[in-house]
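Let's take a walk through this model, starting with its aromatic rings. Have a look at the sequence and the fold first.

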Amino acid sequence: MKNALQNHIDTEIPFLKQKKLLLAVSGGLDSMVLLHLFKELKYEIAIAHCNFQLRGIESFGDQKFIQDYAEVHSIPIYVTQFDTIAFAKDYKLSTQVAARELRYNWFYELMDTENYDYVLTAHHADDNLETFLINLTRGTGLEGLTGIPEQNDKIIRPLLYFSRNEIDNYAKEQTISWREDSSNASDKYLRNKIRHHLIPVLKELNPSFITSFLKTESYLQESLVMVEDAAIMVYQQVAKEDGDLIYFDLVKLLQLPNYKSYLYQWLKEFGFTAWDDIYDLVESQSGKQIFTNGFRLLKDRDSLVLVPIEDSEIEEDFYIDECQKEVKIPLNITFCKVSDISIATNKTIFVDADQLVFPLKIRKWKNGDIFIPFGMDGKSKKVSKLFKDEKLSLLEKENVWILCSNDQIVWVIGIRADNRFRITDSTKNILKIELI
């Protein structure tokens, strides 16, 4: 097995050579074999052991076992203890997920502080099969059927193509000692049920089942690469990026016979999980939207728009004193007294300063807002109707601000001024207001 591992490293993960490696060692069979192999292959290694304090005195027995081994073999070791139950309760996680979060966060901290290049874990082919079956029972996309990756950022799993039987035989041949985790015998967890009851039946049906599974995994991984490549090519035809926004052209999207698969590939990284709702959004009316913690997907006419959700949406009012010449939040606007006027534009207006009541206020527009558009003497109009006439998109409407004087609209900023503050023959003081 040692030679097979070295050959695998040479061909598949050669970047491990001459690197500082941190081995995640629990004390169980798999991790002790991993430790023995890399010690025998003369790699520069250290041990990282997590005591999750989940099995009472047994957990501390594992810790002492690893510490004694490290001392005998002069291997650097790092040990930490976690109150896993408390962490799981505080963050509303399962015990298994909490332990995973704690250990991987700690591994990355160790790599940063102690200058290690990679963390190696002892996951093997049977672990991969168990993960495949767990995902299969719960329902999953193609990614869930491709199993555990051999490399995930700085986490490397060099034993992933060796079976539990091979690891067990190697441990016996080399008289490697290990600690047995009593929780492995329990059927409390789904993984253990699959390990104890389902996989033995599959191996009975086909003694070479693990080998067949690894071949299938390889085919699935190749298929996934092909799917991802196709998704990138179609994305370039359907999607348009505008700053932080992504627009998906529904006309082009609906021409695809399997458009749902493409949406899944494009949106899965943004935390979306309610796929039926997303597919319904394609056919829904404008204004419907779906949220994740960090994003929202909005139907706007012939587009789906992916919009990041800001940590704190600006909803407050902003006030401008008479002496102010410029504001920068929420918009960059300048105020300047002038003696005459030039041509007004959407971004520059001229108003009768004596008609203003300070402080002026800038706020987001609201449903029900009414103003008198410039040039329409006495005829009021809803701001929402102005938006419709201007053919503003939903996102453009959301970002419209209003300049007010004593609760009267002076300017729908960047779009239309109010007629009540226009320059007349009797105007004595002219204020130029400009959106920069």
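## Aromatic pairs

The count comes to 17 aromatic pairs, where rings of Phe, Tyr and Trp (its six-membered ring) pair if their centres lie within 6.5 Å; planes under 30 degrees apart are stacked, over 60 edge-to-face and the rest tilted. Take Tyr235 and Trp266: with ring centres 5.9 Å apart and planes at 70 degrees, the pair is edge-to-face. Tyr235 lies in helix H10 and Trp266 in helix H12 (residues 259–267), so the pair ties together parts 31 residues apart in sequence. Helices here are DSSP runs of H or I with at least four residues, strands are E runs of at least two, and both are numbered from the N terminus.

Tyr235 and Trp266 are both buried, meaning under 20% relative accessible area (1.4 Å probe, protein chains only). Ring pairs also link Tyr235, Phe248, Tyr262 and Trp266 into a cluster.

## Where the numbers come from

This is a predicted model: local features need pLDDT of at least 70, side-chain atom pairs count only at pLDDT 80 or more, and totals for chains, interfaces and linings use all residues. Residues are numbered from 1 along each chain as its sequence is written, and side-chain values use heavy atoms, leaving out hydrogens and water.

## Helix H6

Ten of the 14 residues of H6 are buried, so this helix is largely enclosed by the rest of the structure. Among the buried ones are Leu129, Phe132 and Ile134. Just after H6, Gly139 takes a positive phi of about 90 degrees.

## Strand E15

E15 (residues 348–352) has five of its five residues buried. Five bridges join E15 to the antiparallel strand E22 (residues 430–435), and Asp352 stands opposite Ile430 in E22.

Terms used
Buried < 20%, exposed > 50% of the residue type's maximum accessible area, 1.4 Å probe, protein only. Pairing = 2+ DSSP bridges.
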